[in-house]
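Here is a short briefing to read alongside the sequence and the structure. Take it one topic at a time.

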Amino acid sequence: MDPSTSAPTPSGDAKKAMVIITIGMAGAGKSTFVQRMNSYLHAKESPPYILNLDPAVTHVPFEPNIDIRDTINYQEVMKQYNLGPNGGILTALNLFTTKFDQVLNLVEKRAETVDYVILDTPGQIEIFTWSASGAIITDAVASTLPTVVAYIIDTPRTTAPATFMSNMLYACSILYKTKLPFILVFNKTDVQPHDFALEWMHDFEAFQAALASHSGTTDDEGEPTYMNSLMNSMSLVLDEFYQHLTAVGVSSMTGAGMKEFFDAVEASRTEYEKEYLPELQRARAAREKTLQAAKEDSVNRLMKDLAVDRARNPDAALADKWDPTEEDEDDGDDAEVNIIDRSDGPWPGQYIDVTRLNRRDDAEMSWPRPG
Ligand SMILES: Nc1nc2c(ncn2[C@@H]2O[C@H](COP(=O)(O)OP(=O)(O)O)[C@@H](O)[C@H]2O)c(=O)[nH]1
Ligand SMILES: [Mg+2]
């Protein structure tokens with residue numbers, strides 16, 4: 001084995017699988033990119049473990065190991081909650097998030113045998129900028145395994161400076177929300193090379209020049225429009241954001257740039273371990289400390305109340321004892337398990353009864369909960 005790949009991580013275990021979360025606008029090419037990663041990794045004899053989190057997709061170009069569509073019927077969700085497509089996707093994902101501990105359990109088990117776990121997500125980017133389920137999913141995944149966000153950009157459709165900026169602002173808000181290592185993936189370079197984007201990112205004056213040369217940037221008197229001045233100022237703000245990013249150009253169609261992408265992913269592993277992980281551990285320790293203090297405080301108060309109560313009512317206290325003959329009322333409703341790991345079937349995609357399969361693991365089901 002290559003000694004560099006078996007180097008222990010700071011936590012002391014063997015090298016862990018890396019999670020790649022693809023995020024981006026609808027049509028940017030997330031699913032095609034996931035398929036490209038899939039075939040690239042298959043060629044390297046390191047097949048990834050793939051999760052499809054898009055409940056509304058009718059066809060995915062790859063065979064996911066876990067598919068939200070096996071658990072949640074998005075059409076049914078729209079009907080039942082009287083929602084349109086956007087609300088339907090969001091609600092479907094929220095429902096799926098309630099089962100995410102089971103998903104994570106399956107992922108964690110597979111993480112010992114695969115090098116990469118890949119998440120394909122729906123195009124509703126709001127999920128990752130403000131919805132609870134997006135944050136729960138990214139936090140849960142990232143507190144379990146080294147994680148990187150691959151932000152997919154439709155390069156041919158982002159050549160207008162204003163579109164470019166709005167796409168970068170989305171990326172920016174996801175970066176600051178997740179705080180995870182982040183790779184900008186300029187996709188579709190077979191149609192449009194991404195050098196213009198790199199130039200704009202490295203040189204804000206070049207971006208401002210591009211902005212000024214676009215029509216509609218000056219008003220009737222030749223003064224810059226409000227939008228134009230706003231974007232000029234924002235390009236300065238984004239300059240700081242660009243410092244923290246890696247950008248690669250790929251074509252999911254031809255496979256160009258995939259090696260550079262995976263080099264960036266490996267570099268993110270170090271960033272995750274050096275920056276994200278210590279921060280996570282600090283936050284976790286602080287949370288545990290306050291939780292412990294709160295627990296002790298409430299136990300103390302309870303004991304005090306109880307003592308006062310018993311002193312006041314000695315007769316009642318005598319009768320107030322646990323009765324061992326009383327029925328044990330366990331409704332057992334947590335036993336329901338319906339996340340399907342397709343790769344456990346004799347052949348991919350075959351339905352299997354995981355209810356029985358996973359029961360025995362329920363006892364050890366535990367994952368660190370975020371926030
Ligand atoms: N030319 C070209 N088209 C692409 C590339 N990647 C994706 N597409 C096309 O872009 C469209 C949207 O892709 P899809 O993967 O479904 O996007 P998603 O909504 O982000 O999952 C499809 O028609 C793809 O064939 C690429 O690298 N080059
Ligand atoms: Mg897709």
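Where is the place of Lys 179? Lys 179 sits in the loop between α8 (161–178) and β6 (182–187). This is a predicted model, in which local features need pLDDT of at least 70, side-chain atom pairs count only at pLDDT 80 or more, and totals for chains, interfaces and linings use all residues. Residues are numbered from 1 along each chain as its sequence is written, chains are lettered from A and ligands numbered from 1 in the order in which they are written, and side-chain values use heavy atoms, with hydrogens and water left out. Helices (H or I, at least four residues) and strands (E, at least two) are DSSP runs, numbered from the N terminus.

**The sheet**

- Seven strands form an open sheet, and their pairing is parallel. Their order is β3-β2-β4-β1-β5-β6-β7.
- The edge strands are β3 (66–67) and β7 (246–249), and each pairs on one side only. Two strands pair if DSSP finds at least two bridges between them.
- Strand β2 (residues 49–52) runs parallel to strand β4 (residues 116–120), and four bridges join them. Tyr 49 has Val 117 in β4 as its bridge partner. Asn 52 stands opposite Asp 120 in β4.
- Two bridges join β2 to β3, and these strands also run parallel. Here Asn 52 stands opposite Asp 67 in β3.
- Which residues of β2 point one way, and which the other way? Tyr 49 and Leu 51 point one way, while Ile 50 and Asn 52 point the other way. In a regular strand the side chains alternate between the two faces of the sheet.
- These four residues of β2 are all buried. Buried means under 20% relative accessible area, exposed means over 50%, and partly exposed is in between (1.4 Å probe, protein chains only).

**Salt bridges**

- How many salt bridges does the structure hold? The structure holds eight. A salt bridge is a side-chain nitrogen of Lys or Arg within 4 Å of a carboxyl oxygen of Asp or Glu.
- Arg 69 and Asp 67 meet in one of them, at 2.7 Å from N to O. Arg 69 is partly exposed, because its relative accessible area is 29%. Asp 67 has 1% relative accessibility, so it counts as buried.
- Lys 259 forms a salt bridge with Asp 263, and the closest N and O atoms are 2.9 Å apart. Both residues lie in helix α12, four residues apart, about one turn of the helix. Asp 263 counts as partly exposed because its relative accessibility is 42%.
- Glu 279 and Arg 282 also meet in a salt bridge, at 2.7 Å from N to O. They are three residues apart in helix α12, so about one helical turn separates them. Glu 279 is partly exposed, with a relative accessible area of 42%. Arg 282 is exposed, with a relative accessible area of 53%.
- Salt bridges that share partners join Asp 154, Arg 157 and Lys 188 into one network.

**Positive phi angles**

- Lys 188 has a phi near 70 degrees, a positive value in a residue other than glycine. Its place is in the loop between β6 and α9 (195–202). Lys 188 is partly exposed, because its relative accessible area is 24%.
- Lys 179 has a phi near 60 degrees, again a positive value in a residue other than glycine. Is Lys 179 buried or exposed? Lys 179 is exposed, because its relative accessible area is 58%.

**Surface patches**

- Asp 195, Glu 199, Asp 203 and Glu 205 gather in a patch of negative charge on the surface. Lys and Arg count as positive and Asp and Glu as negative, while His and the chain ends are not counted. The place of a charge is taken as NZ of Lys, CZ of Arg, CG of Asp or CD of Glu.
- Glu 205 lies in helix α10 (residues 204–213). Glu 205 counts as exposed because its relative accessibility is 56%.
- Val 299, Leu 302, Met 303 and Leu 306 make a nonpolar surface patch of about 360 Å². Leu 302 has its place in helix α12 (residues 258–312).
- Patches are made of residues with over 30% relative accessible area and no salt bridge; like charges are joined within 9 Å, and nonpolar side chains (Val, Leu, Ile, Met, Phe, Trp, Tyr) within 5 Å. Accessible areas come from the Shrake-Rupley method with a 1.4 Å probe; for residues, only the protein chains shown count as cover.
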